[in-house]
Amino acid sequence: MANTKEVAMLFDASHCTGCRGCQVACKEWNVLPARLGLNANPFTGSYQGPMDLNGDTRLIMTFDEKPSGNKYHPIDWAIGRRSCYHCTDPGCVQACSSGALQKNENGVVTFDTDKCNGCTFCQAACPFDVPRFRPMDGKIDKCTLCMDRLEQGGKPACVHTCQPEALDFGPREEMLKKAHARVEFLKKKGFAKAEVYGENECGGLHVIQVCALGHEAYGLPTNPEPKKVINAIDVMKPVTAVGAAAVVGALAVSFLANLGYRRKAVTLEEAKASWTPEQRAKAEAEAAEIRKAAK
Ligand code: SF4
Ligand code: SF4
Ligand code: SF4
């Protein structure tokens, strides 16, 4: 039987004008800075900005031009939404070495900043490459579906601000019904590839999307699955956050590199730089214990 407590956001790409009001609302509500340097991209011909998520940017609208095959309007605009999709089967939660990430009863995946040790396993495990490391405080950041607003009976800030009603929010079953009705309508209008994305992916997402041009046009993966990051996570779970990060630093860096882990500007050693000598000593001691137990 369906969980009636589950909520979802509905993003209808066929209604989106690409205004990016949602991006701004997200920054404002969550008090996230917008550094000019992050937007200083070389000109690519794209209207997208910034080009990728980062520790201070939980949401970006993606802009893709696709040939339509129609000589009267040769280009189709695929405007997509890139943010956490709040999976029923969230790879990030499974991989989190400190228990900072959690799945809530309503389906929303939130995190506790105080518990995060900055190991970035969650980013490696997420099939959508969503969580991002914030060098400023050595923590992970991502969309929370504005859980603080939901707890007060409100809607996510991005949904609240969307003028053409490309975004909607409510019980998941209701959002799915609306999505299917819209796809049916779009198909009748000639959008042969129109489809619902998020009904079953990763056990069912809590951001349902109406992809007027088919999910590939928006860069969404086919049959995504949580990535297996490292089997040693279970070994690390019982230890403290500091100890777990030490194991990552001491044992797993090359392993993660082999798995295609993309470390951008910050290394784990840099992330650990803010630790006190006492924390470092404690971490090394715990790591030694774990190595011994794992033998
Ligand atoms: S606010 Fe609405 S219309 Fe504007 S970019 Fe976001 S989803 Fe699209
Ligand atoms: S989209 Fe990624 S970050 Fe969001 S819940 Fe799923 S696995 Fe976690
Ligand atoms: S739900 Fe909230 S945190 Fe998530 S993208 Fe929208 S405004 Fe940002």
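A: A residue is near a molecule if one of its heavy atoms lies within 4 Å of it. With that in mind, ligand 3 has 14 residues around it, and the nearest are Cys26, Arg81, Cys143, Cys146 and Cys158. That shell splits into nine nonpolar, three polar and two charged residues; here Ala, Val, Leu, Ile, Met, Phe, Trp, Tyr, Cys and Pro are nonpolar, Asp, Glu, Lys and Arg are charged, and the others, Gly among them, are polar.

A word on the basis: this is a predicted model, in which local features need pLDDT of at least 70 and side-chain atom pairs count only at pLDDT 80 or more, while totals for chains, interfaces and linings use all residues. Residues are numbered from 1 along each chain as its sequence is written, chains are lettered from A and ligands numbered from 1 in the order in which they are written, and side-chain values use heavy atoms, with hydrogens and water left out.

Now to ligand 2, which is surrounded by 13 residues, with Cys84, Tyr85, Cys87, Cys92 and Cys126 the closest. Its shell holds 10 nonpolar residues, two polar and one charged. Domain 1 (7–87 + 146–218) and domain 2 (91–143 + 227–294) each give at least three residues to the shell around ligand 2; these bounds come from an automatic or database domain assignment.

For context, buried residues make up 51% of the chain's 295 residues, where buried means under 20% relative accessible area (1.4 Å probe, protein chains only).

Definitions and conventions
Buried means under 20% relative accessible area, exposed over 50%, partly exposed in between (1.4 Å probe, protein chains only).
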